[in-house]
Amino acid sequence: MRGFNTVLVANRGEIAVRIINTAKKMGYETVAVYSEADANSVHVKQADKAICIGESPANQSYLDIEKIISAAKETGAEVIHPGYGFLSESTDFVEACEQAGFIFVGPPASAVALMASKTVARHEMAKVGVPLVPGYDGPSADDAVLQTEADRIGYPLMVKAAAGGGGRGIRIANNSAGLLDAVSSARAEALSTFRSAELLLEKCVVNARHIEVQVFADQAGNTVYLGDRDCSMQRRNQKVIEEAPAVNISDEVRKKMGEVAVQAAKAVAYVGAGTVEFLLEETGEFYFLEMNTRLQVEHPVTEMVTGEDLVEWQLRVAAGENLPKTQQQITLQGHAIEVRIYAEDFEAGFVPQTGTILSWQAPSGEGIRVDSGIASGQVVSPHYDSMVAKLICFANNRDESIRRLRRALRDSHLLGLSSNKTFLLQLIDEPVYIAGKATTRFIEEQFLPAHAENLEASDTVWALAAVLLSRTVGASGWRSTGTLRWPVRLSIQSEVRDFYVSQQAEVYTVENMPGVDERRVVTELQILEENGVNIDILLNGVRQRLAVALDQQETAYIDTRFEAFSIEKLSFSDKTDNLESERNLAAPMSGRISEIRAKAGDTVNKGDVLVVLESMKMFQELTAQASGVIAEVYISADDQVDVGAALIDLADEEG
């Protein structure tokens, strides 16, 4: 056994906080590293020591191996825990830690190298008989070869970054004609995110579920699995909801998947925490996808149903101890579900959000766990992933866990920037999800098309925003028998609505100004009590409590518990301006210009991709909102732009 006293966490945000807490519980000293953007972050304040490792961009801080090694030396750390993401699956980082004399909390470099490339991993798994998805993982990256192989495999198929992970660098080609566009897009993201343009092709398994198995191994070769997780609820290959154990799986299939996962880990002499991911067909057949050689984002659901602390297991294995339990001693109880809370605007197509958190309230109660690295007043930076927290609920059974999760989501709020809360609440009430029958394509192919209107703000949200944003500058209107009445214009994204607000004593009446074919809506409300961000109102005779925050730009952030939206106040000249500017393209978020697909003088159609913007490790395709001619392009490739920056002006085709 190899003893140590100080653990450096080479990560940020919620996972850094989570690792620091367990390390402290075990009696270790802790060290946090941080970029300039994270100087006042929660993980920095949580650690016993903290050291700045560079500027805000990840490649100048959290991805800089030399700076992290230097930080470990300077602070006297003996152990480096990588968390997930960043350098957690970098062979170079593992080797650098070992060469510098530090204990790396994770598998040896040899295992990381074998599983880091999906192509190599497929070859290794084939050697030991692990079932694989039909595909192409040959040496040639030539477009013509990929086209030929794709046509042989059949469509739809996935073009995947060989060095990828976390859903990055993946594109779907639905037919032969779309293959090369998918290859080009996946290759660009793979090169930017993983510094490798190597690709592989895999057949899309129709109506598949994404099931993964948690494995653990010690340095003596003991290897176990700690149950499975269902991660089928995904959007753009990014997990949204994870749960353990996976539902609607026979005991025979569950046991076989666990044993195959252990077989895969042993094949590469694995050590530490790892996850073997599978695609499961309706028939019960399953195929190896990949092995993640790190702790997963969704590890808490496994901890909840096993009662084990997986970070504690990691640190014990790193110290040379044997696994705390044998396979026979591992038992599962109850059901756990995790949702990921993102700073993103689903109304605008899930665009990542940046800005200051005006108020963050985490829920609490029996069976509720929140892993977060945020606090009120903290700035969400454009340099990192947009996930800000994870909400995990545990109960005796799945139905009770869903009910507890629904309540916990309602009791939480994130004000100051948009979040995916409303989307999550709608999702967990979906009958297909409740029945445990969702596949990996369910959200994009069924849920979103069917629920687009349900994700719109309610009349209550519009009415309360009209009242609150009117009060920010004082009402101006006319009085008649004690009633004050004034107009207000509001917007949520591109939707603009006009209202009349009238006040008599303490009662406000909000009436919309309906256009053609629009219904007239009258809402009556009274503000009863205000305490910080909490506001009690009487709405149509019913008292309820909401969370509200206003920023200096006259935007209201309103959380009714059942929905959460940001509403902007406009002047009455803004509506015309908005309609006029719809044809022009502006940055919906801060980021880097990855690609420009149009030049001045080009004729484009509505929906054509004009610019690809990279932000928070995501690539966002920005499309023309109208047909016309490119009048001017204001940006160049690799430019850094702020949210709202003008990118391209589009003129009518006539001129």
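How many aromatic pairs does the count come to? In this structure, which is a predicted model, the count comes to twelve aromatic pairs.

**Aromatic pairs and a cluster**

- A pair of aromatic rings is described by two values, the distance of the centres and the angle of the planes.
- Tyr62 and Tyr384 form an edge-to-face pair, with 5.6 Å from centre to centre and 80° between the planes.
- This pair links distant parts of the chain, since Tyr62 belongs to the loop between strand S3 (49-54) and helix H3 (65-75), while Tyr384 belongs to the loop between strand S21 (379-380) and strand S22 (387-395), 322 residues apart.
- Tyr62 counts as buried because its relative accessibility is 0%, and Tyr384, with a relative accessible area of 2%, is buried as well.
- The rings of Phe216 and Trp313 also make an edge-to-face pair, because their centres are 5.2 Å apart and their planes stand at 70°, an angle over the 60 degrees that edge-to-face requires.
- Phe216 lies in strand S10 (residues 209-217) and Trp313 in helix H11 (residues 310-318), so that this pair, too, links distant parts of the chain, 97 residues apart; both residues are buried.
- Four phenylalanines, namely Phe350, Phe423, Phe442 and Phe447, form one aromatic cluster.

**Arginines over rings**

- Arg398 lies over the face of Tyr433, at 4.7 Å from the ring centre, and the side chain of Arg398 also reaches the backbone oxygen of Tyr433 at 2.9 Å.
- The side chain of Arg398 makes a further polar contact, at 2.6 Å, with the side chain of Glu243.
- Leaving aside residues up to four places away in sequence, Arg398 touches several others, among them Val247, His335, Ile337 and Gly436.
- Arg398 counts as buried because its relative accessible area is 11%, which falls under the cut-off of 20%.
- Elsewhere, the charged end of Arg485 sits over the ring of Tyr500, 3.8 Å from the centre of that ring.

**Helix H12**

- Arg398 has its place in helix H12 (residues 398-411), and the N-terminal end of H12 is capped by Asn397, which has a side-chain oxygen 3.3 Å from the backbone nitrogen of Asp399.
- The 14 residues of H12 should span 20 Å at 1.5 Å a residue, and this agrees with the end C-alpha atoms, which are 20 Å apart.
- The buried residues of H12 are Arg398, Ser401, Ile402, Arg404, Leu405, Arg406, Ala408 and Leu409, and the elements they pack against include strand S12 (238-244), strand S15 (335-342) and helix H13 (421-428).

**Helix H5**

- In helix H5 (residues 109-116), the buried residues are Ala109, Ala111, Val112 and Met115.
- Seen down the axis of H5, these residues fall within an arc of 160°, and they therefore line one face of the helix.
- Residues three or four places apart in an α-helix point the same way, because there are 3.6 residues a turn.
- The cover over the buried residues of H5 includes helix H4 (91-99), helix H6 (118-127), helix H9 (251-267) and strand S14 (286-292).

**A loop residue, Glu281**

- Glu281 is found in the loop between strand S13 (272-280) and S14, where Glu281 is partly exposed, with a relative accessible area of 24%.
- Although Glu281 and Val206 are 75 residues apart in sequence, their C-alpha atoms are 7.8 Å apart in space.
- Not counting residues up to four places away in sequence, Glu281 touches Val205 and Tyr287.

Key:
Residues are numbered from 1 along each chain as its sequence is written. Side-chain values use heavy atoms; hydrogens and water are left out. Buried means under 20% relative accessible area, exposed over 50%, partly exposed in between (1.4 Å probe, protein chains only). Helices (H or I, at least four residues) and strands (E, at least two) are DSSP runs, numbered from the N terminus. The arc is that of the directions from the helix axis to the C-beta atoms. Contact means heavy atoms within 4.5 Å. Rings of Phe, Tyr and Trp (its six-membered ring) pair if their centres lie within 6.5 Å; planes under 30 degrees apart count as stacked, over 60 as edge-to-face and the rest as tilted. A charge sits over a ring if NZ of Lys or CZ of Arg is within 6 Å of the ring centre and within 35 degrees of the ring normal. A polar contact is a pair of N or O atoms within 3.5 Å; within protein, one must be able to donate a hydrogen and the other to accept it, and residues adjacent in sequence count only if both atoms are side-chain atoms. The expected span of a helix is 1.5 Å times one less than its number of residues.
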